[in-house]
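Here's a quick tour of two spots in a protein model. Have a look at the structure first, then read on.

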Amino acid sequence: MVGKVLGIRDLEQFSSRRSSVYVDPECEKFFELPLFIAASSNDITTKCQCWQFSPGKEPALRSYTEIQQLLQLGKKHIVKSILRENSWPINSPIRSQLWPTLCGQHLTKQNMLDGFYWEMVHQVFGTTELSEKPIMLPAFVDATHCLPYHLTATGRAVADRIVNVLGYDCPDITYSPVLYPITSLLLHFMSEEEAYLCLAGLVGSKEKTFINQTKLQHEVTWKTVMQIAKKHAKSAVAYFQRICPGQKLERVFMDWCWWILAGLPFQHLVRIMDCYFHEGIKVLYRIALVVLNLFHKECQSNNEWSPDNIKNDIGNALIKFCKKIPVSPAKLLHAAFSIRGLSTQYISRIFIKTEMLLKSRSVLNSGSKQLIKSRSSDNLPTSQSQVNIQMMSHTLTIREKLHSESCRNLLFTLWSWLPVRITMYQPVLLYTTEEHGCSLTTFYVRVEQHEPTLLMIKTCNNEVFGAYCSSRWFERNVKDDKGQRQAYFGTGETFLFSLYPERAKYPWVGIEGDRDLGHSSELFMAADSKMITIGGGEGQAIWMDENIRFGKTDRCKTFNNPPLCPSGDFEIRVLEVYGFVGI
């Protein structure tokens, strides 16, 4: 039975198994050495000129055992350098262990024990036997980009099955065109079950982004690439705009991922995946920038890419160029990782800003009905939760004689300001000074792992204000590539609000337009053992001391807010922090 065969993990048996399942025997003649793939891939691929191995003196390459030990010691930065620098041959056996390990470090579901995948296969298909009939692909797959990368019909059927099971297990995936190509790549180096576990790790990763899973994420990603390219591939972008002024630049960048996945030769893709499975989608961003710059350079000297030949379809020309890219995989990666000023933090800021702009425009363009719906009681906490919050909360009870309907109106107002996806979850009180005491240490213990959180402050003068904090407070401990703790963290979803005596929301200033507002407009959250700060730049919107007793509020550049209480300085009567169940 195929299911039983594909469950074998021993490398020797695994090699034998793959030779009978996926690879065309004709592919063997393209190898000069009988290494892993040459010996074991005679049923997974069709003819593949790109798998040729060039003999010659090679530098000593790191082993899988060395990399595994470094990962176990938490030395991910060293592993990153090794993956970038070690050009393992295309037919090296290392990837059969390396790729599952790299992807496995991102796996968040702990219930995936041995046999989990095959149980899921049986649930979806009623059998673990591989059907000879075509398998209908999930709706999130882009049928025009089911790239098989030389898989045989059996290999493609296995890829179809993996993607179906993943869709069944992860119903939140609604649009993910790159998922199928990555599945095909994985199947060249591992079993069906291992490929599924790799994808589960990439899809479920919390720390890094690997695979977009919605149309919004897909659109935000290509627009992020376009924004980055305007800075880091400025000449290429200007050239495209000059030779085809009538064609929108967006149409070129919408297909950016296919320059890489559908254009680059197989040996280039495999080396890119070595780094991608560890570092995330930022690797593809860097490759895209190099492709743009190389293509622009070729356009200046090669008549094949003259303006007359490419102006009508630059996107397709880029893919054709990538198919015969004039640099080796090693040089391509070296150029990609030599780009300066393209940090994870910088990319994240561009991504969040783009996402917020799209979301705000979506709300404006969706019409009044959708706007009314998003602010209706459908998105409020359940009736019982409303009662629980009002009973627990000392911030929403402004005065003892205030009618309960007024408390409900405050809650209604606050909920209408939250991101729509957050309103689908029920709130839970994580921390309150009334019950848990006035200590930052206790605050961190009870709150720091939750994302997002809602902070509500009631002063001794009965003013009520606070902030929606988009990131975990634990991020105050996260270090950058240089080992330094980041002073500020958070994203553009963070916002301030005032509930009493006035009701107002103060969103991030970056939502208002595409202009670069500078570092001072992106100081969302900061914290250490002595204080908490929200908002910065010529003042702090909310600052609280380590005893959670005194605070101050000023205008700040991040939110362009007025002081949230008239005096500026305040004494805290109650601080409450809410999380959301199920996130």
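Strand β4 and strand β5 (residues 504-506) run antiparallel and are joined by three bridges. Strands here are DSSP runs of E with at least two residues, and helices are runs of H or I with at least four, both numbered from the N terminus. Keep in mind that this is a predicted model: local features need pLDDT of at least 70, side-chain atom pairs count only at pLDDT 80 or more, and totals for chains, interfaces and linings use all residues. Residues are numbered from 1 along each chain as its sequence is written, and side-chain values use heavy atoms, with hydrogens and water left out.

**Around β4**
- To get from β4 to β5, the chain makes a hairpin through three residues.
- β4 also pairs with strand β3 (residues 464-469), in the antiparallel sense and over five bridges; two strands pair if DSSP finds at least two bridges between them.
- Ser-498 of β4 is the bridge partner of Phe-465, and Ser-498 has Ala-504 as its bridge partner in β5.
- Five of the six residues of β4 (residues 495-500) are buried, so the strand is largely enclosed by the rest of the structure.
- Buried means under 20% relative accessible area, exposed means over 50%, and partly exposed is in between (1.4 Å probe, protein chains only).

**Helix α4**
- In α4 (residues 64-72), the buried residues are Tyr-64, Ile-67, Leu-70 and Leu-71.
- Looking down the axis of α4, its buried residues fall within an arc of 130°, taken from the directions from the helix axis to the C-beta atoms, so they line one face of the helix.
- These buried residues pack against α5 (76-85), α6 (95-104) and α15 (266-279), where contact means heavy atoms within 4.5 Å.
- Just after α4 comes Gly-74, with a positive phi of about 80°.
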